[in-house]
Amino acid sequence: MSDSPPPADRPQALTAFFSRPALAVARDLIGARLAIDGVGGIVVETEAYAPDDPASHSYGGIRNRNRTMFGPPAHAYVYRSYGIHWCLNFVCLRGHAVLIRALEPQVGMTAMAERRSLDRQRLLCSGPGRLSQALGVDGTMDGLPLDRPPFSLTLPTEPAGIATGPRIGITRAAEQPWRFGLADSPFLSRRF
DNA sequence: GACTCGATTTCCT
DNA sequence: GGAAATCGAGTCG
């Protein structure tokens with residue numbers, strides 16, 4: 001056990017964390033530290049999507065595009081939005097997923113600025129499409145496990161002051177307050 | 001701050 | 001074949 005003890009505890013903890021409904025996971029992810037290839041920051045905004053939710057990709061059953069949402073928890077679900085942007089989600093219970101909408105940049109900000117052709121921190125990751133561009137997320141990361149590189153995910157140790165509100169950019173079930181975030185963070189895609 | 005437009009994939013008819 | 005889509009940048013006022 002002295003050579004290279006595989007930290008079997010961490011991945012299990014991550015799997016357990018994500019083996020819950022998206023609503024619970026989305027709330028508890030606020031304050032987590034996410035990095036991809038050493039580029040990332042603090043999660044400040046999420047949204048929950050569930051199988052019985054008309055706004056969710058998983059609504060209506062399994063399809064080619066949403067296959068990953070029905071796979072094992074603690075994996076990435078990446079899809080293209082409006083044909084232009086990539087969006088990063090984390091798979092929870094079967095058919096549940098959490099959309100990562102905004103980060104507070106902390107590490108690798110040079111790489112982010114380069115990918116985004118921007119230097120203003122506030123705009124680096126304040127939105128799902130921007131975040132994906134800044135972190136280099138694309139379709140090849142769909143289905144990758146979150147407990148191994150290039151992903152690095154550290155769960156929050158203490159509860160944060162969480163604000164809730166209606167989700168953004170959807171037409172069905174738009175009234176559900178399934179958006180979560182740090183109310184006073186300047187890095188939100190939109191204020192609550 | 002509000003509005004318009006771009007550009008691609010997926011799914012339904 | 002066509003509409004809708006978990007958006008962002010640019011423009012106008």
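Guide: Start with one term. A polar contact is a pair of N or O atoms within 3.5 Å. Keep in mind that this is a predicted model.

Take DNA strand B to begin with. A polar backbone atom of Arg65 lies 3.4 Å from one of its phosphate oxygens. That is within 3.5 Å, so the pair counts as a polar contact. Sugar or phosphate accounts for 64% of the DNA strand B atoms within 4 Å of the protein, and bases for the rest.

Move on to DNA strand C. It has 21 residues around it. The nearest are His57, Tyr79, Leu99, Gly129 and Arg130. By class, the surface holds eight nonpolar, nine polar and four charged residues. Of the atoms of DNA strand C within 4 Å of the protein, 61% are sugar or phosphate, while the rest are base atoms.

Look for the phosphate oxygens of DNA strand C. The backbone of Gly129 puts an N or O atom 2.6 Å from one. Arg116 comes in with its side chain: a polar atom there is 3.0 Å from a phosphate oxygen. Thr171 uses its side chain as well, with an N or O atom 3.3 Å from a phosphate oxygen. Which elements give two or more residues to this surface? They are strand S3 (76-81), strand S4 (85-91), strand S5 (97-107) and helix H4 (128-135). H4 gives the largest share, three residues.

So stay with H4 for a moment. Six of its eight residues are buried. These are Pro128, Gly129, Leu131, Ser132, Ala134 and Leu135. Gly129 is therefore buried by the cut-off of under 20% relative accessible area, which is taken over protein chains only. What covers the buried residues of H4? The cover includes strand S1 (33-36), strand S2 (39-49), S4, S5 and helix H3 (109-116).

Now the largest pocket. Its volume is about 660 Å³. Of its 28 lining residues, Tyr79, Ser81, Tyr82, Ile168 and Gly169 are the closest to its centre. Two of these names have come up before. S2, S3, S4, S5 and H4 each give the lining at least two residues. The lining has 12 nonpolar, 11 polar and five charged residues.

Find Arg179 in strand S8 (residues 179-182). Buried or exposed? Arg179 is buried, because its relative accessible area is 3% and the cut-off is under 20%. Its side chain has partners. A polar contact of 2.8 Å links it to the side chain of Glu45. The side chain of Arg179 also reaches the backbone oxygen of Arg190, at 2.4 Å.

Note on methods. Residues are numbered from 1 along each chain as its sequence is written. Chains are lettered from A and ligands numbered from 1 in the order in which they are written. This is a predicted model: local features need pLDDT of at least 70, side-chain atom pairs count only at pLDDT 80 or more; totals for chains, interfaces and linings use all residues. Side-chain values use heavy atoms; hydrogens and water are left out. A residue is near a molecule or strand if one of its heavy atoms lies within 4 Å of it. A polar contact is a pair of N or O atoms within 3.5 Å; within protein, one must be able to donate a hydrogen and the other to accept it, and residues adjacent in sequence count only if both atoms are side-chain atoms. Helices (H or I, at least four residues) and strands (E, at least two) are DSSP runs, numbered from the N terminus. Ala, Val, Leu, Ile, Met, Phe, Trp, Tyr, Cys and Pro count as nonpolar, Asp, Glu, Lys and Arg as charged, and the others, Gly among them, as polar. Buried means under 20% relative accessible area, exposed over 50%, partly exposed in between (1.4 Å probe, protein chains only). Contact means heavy atoms within 4.5 Å. On a 1 Å grid over the protein atoms alone, a cavity is a set of points where a 1.4 Å probe fits but cannot get out, and a pocket is an open set with protein on both sides within 12 Å along at least five of seven lines; lining residues have an atom within 4 Å of a point. Grid points are joined across faces, edges and corners, and a volume is the space filled by probe spheres set on the points.
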